[in-house]
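Please keep the structure open while you read.

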Amino acid sequence: MAPPAPPLSRVFAELDPAPSPVPEGRVGPPALSEREVHVSGSAELSARPDRARVSLRLSSRKEAAAAARSSVSRRLQYIAHIARQRGVPEENMTVTEDFSRVENTYQMEAEVCVIFSDFGKMQDVCNLLTEKLGTSVTISPPHFYHTPEAIDTLRRQVCVTAVGNTRRKAQEVCRLFGQALGKPLLIKEEETKEWGGHMDSHLPHSADSQTLQERIQNATAYASCRVFAVFEIKGKENRRTKLL
């Protein structure tokens, strides 16, 4: 049985040798004096969700239509008042109402969807409404998600970080050989990956027993980027010191 093949080595940096000068008397293009260092680098970053949506449901069934409407309306006004007090703008609150006849009674149902960017304020609002309204309101567990702007920011940051890591690696390689790093000649994105995270349209089926931090962790988005870069090598580092 043949022995297993050794694992392939990965080249993360390469110094191009200096080109040979053109011999005297030979016709041809002048020799280039620039040398290059080829380096690959990567980065991985994460971003916690920047939004949370909470749904609050309430209903009332009365023999009189006005009584059913009034019961739900008072609670809706209180919910909106508490949310505004905590700095939630009007455009982040959506109310849906449904009025129906059930047997010999009238039923009024309503759902309030509130979007929070401050999770501490979200907890304050939910805790206060639970204390004041009790079982007359049903509060769903928060759904955490990322806005498109947050995902775009994560993508830009991971690419910039990968380029920065690649440049630092090139500096270390040049310093190891006593060279000075010059300007970049090529920066190429080789691979990007994204995983995790939730968008607003994606409603995962998570257990109600999860804690707030577990929900935030499950909604965290990750991104990685690998780049390839070519840098100019200036020449020897100036290591001379002044004699005092």
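1. Let's start with strand pairing. Strand 3 and strand 6 (residues 138-139) pair in the antiparallel sense through two bridges, where two strands pair if DSSP finds at least two bridges between them. Leu56 is found opposite Ile139 of strand 6. Strands here are DSSP runs of E with at least two residues, and helices are runs of H or I with at least four residues, numbered from the N terminus.

2. A word on the basis: this is a predicted model, in which local features need pLDDT of at least 70 and side-chain atom pairs pLDDT 80 or more, while totals for chains, interfaces and linings use all residues. Residues are numbered from 1 along each chain as its sequence is written, and side-chain values use heavy atoms, leaving out hydrogens and water.

3. Strand 3 (residues 51-62) also pairs antiparallel with strand 7 (residues 143-145), over three bridges, with Ala52 opposite Phe144. Another 11 bridges join strand 3 to strand 5, again antiparallel, and Val54 faces Val114 there.

4. Now the rings: there are three aromatic pairs (Phe, Tyr or Trp rings, the last by its six-membered ring, with centres within 6.5 Å; planes under 30 degrees apart are stacked, over 60 edge-to-face, the rest tilted). Phe99 and Tyr106 are stacked, at 5.9 Å centre to centre and 10 degrees between planes. Phe119 and Phe144 are edge-to-face, because their planes stand at 75 degrees, with centres 4.9 Å apart.

5. What does this second pair connect? Phe119 belongs to helix 2 (residues 119-133) and Phe144 to strand 7, so the pair ties together parts 25 residues apart in sequence.
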